Amino acid sequence: MLSRTDAVGTAPVESGVRQRELRRVGRVTAAENGARALESTRVHFFDAIVSDIRMPQMSGIDFHRRAAQEHPDIANRFVFVSLDPSAEDAAYLRDHQLPLLEKPFSVDALTETVYRVISTASGANETTGGAV
């Protein structure tokens, strides 16, 4: 996840190169699985959350469902990545208008998508701050 003030990113997504590039957007905090990422959303606000769909302990989709239920203001701040999303996962992302980057993807595509999510979500939630 990324934030100009605080950030979290799921470990399955964040290679060293991607973390370095995302640090140009804001601070990056890595979580090694979906359960840890969910814990982080309980403590910190994130402008954007980059999550793999397939993660240990909790899928990215389940992470999104639970995080959005607990904190509706972050529901539109997710960017998902996947090597091969299932039809069910792809439908969930379409239904919730959440971006998906299919692996492999470029660092430019990731940073552009994160900036777009931050910009769109910030316009919808002008009272919040931070970036993921």
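Colleague: Which residues form one aromatic cluster?

Modeller: Phe 63, Phe 78 and Phe 80 form one aromatic cluster. This is a predicted model, in which local features need pLDDT of at least 70 and side-chain atom pairs count only at pLDDT 80 or more, while totals for chains, interfaces and linings use all residues. Residues are numbered from 1 along each chain as its sequence is written, and side-chain values use heavy atoms, with hydrogens and water left out.

Colleague: What makes the pair of Phe 63 and Phe 78 edge-to-face?

Modeller: The whole structure holds two aromatic pairs. For Phe 63 and Phe 78 the ring centres are 5.1 Å apart and the planes stand at 65 degrees, so the pair is edge-to-face. The rule takes rings of Phe, Tyr and Trp (its six-membered ring) as paired if their centres lie within 6.5 Å, and calls planes under 30 degrees apart stacked, those over 60 edge-to-face and the rest tilted. This pair links distant parts of the chain, since Phe 63 is in helix H3 and Phe 78 in strand E6, 15 residues apart; here helices (H or I, at least four residues) and strands (E, at least two) are DSSP runs, numbered from the N terminus.

Colleague: Why are the rings of Phe 78 and Phe 80 called stacked?

Modeller: Their centres are 5.6 Å apart and their planes lie at 15 degrees, which falls on the stacked side of the rule.

Colleague: How do you know whether Phe 78 is buried or exposed?

Modeller: Phe 78 has a relative accessible area of 0%, and therefore counts as buried; buried means under 20% relative accessible area, exposed over 50% and partly exposed in between, with a 1.4 Å probe and protein chains only. Phe 80, also at 0%, counts as buried, and Phe 63 is buried too.

Colleague: What makes Arg 42 and Glu 70 a salt bridge?

Modeller: The closest N and O atoms of Arg 42 and Glu 70 are 2.8 Å apart, and a salt bridge is a side-chain nitrogen of Lys or Arg within 4 Å of a carboxyl oxygen of Asp or Glu, so the pair qualifies. Arg 42 lies in helix H2 (residues 34–43) and Glu 70 in helix H3 (residues 60–70), 28 residues apart, and the pair thus links distant parts of the chain. Arg 42 is partly exposed at 43% relative accessibility, and Glu 70 is partly exposed at 33%.

Colleague: How many salt bridges does a search of the whole structure find?

Modeller: The search finds five salt bridges. Among them is Arg 65 with Asp 62, whose closest N and O atoms are 3.0 Å apart; both residues lie in helix H3, three residues apart, about one turn of the helix.

Colleague: Which residues of helix H4 are buried?

Modeller: In H4 (residues 87–95), the buried residues are Asp 89, Ala 90, Tyr 92 and Leu 93. Seen down the axis of H4, they fall within an arc of 160 degrees, so they line one face of the helix, the arc being that of the directions from the helix axis to the C-beta atoms. Ala 87, Glu 88, Arg 94 and Asp 95 are exposed on the other side of H4. The buried residues pack against H3, strand E6 (78–82) and strand E7 (100–102).

Colleague: What is the nearest side chain of opposite charge to Asp 89, which is buried yet has no salt bridge?

Modeller: That side chain is Arg 54, which is 4.7 Å away; Lys and Arg count as positive and Asp and Glu as negative, while His and the chain ends are not counted. Leaving out residues up to four places away in sequence, Asp 89 touches Ile 53 and Ile 61, where contact means heavy atoms within 4.5 Å.

Colleague: How do you know whether Gln 97 counts as buried or exposed?

Modeller: Gln 97 stands at 74% relative accessibility, and so counts as exposed. Gln 97 lies in the loop between H4 and E7 and has a positive phi of about 55 degrees although it is not a glycine. Gln 57, in the loop between strand E5 (49–52) and H3, likewise has a positive phi, near 70 degrees, and counts as exposed at 67%.

Colleague: What is the peptide bond from Lys 103 to Pro 104, cis or trans?

Modeller: That bond is cis, with omega near -5 degrees, and Pro 104 is placed in the loop between E7 and helix H5 (107–124).
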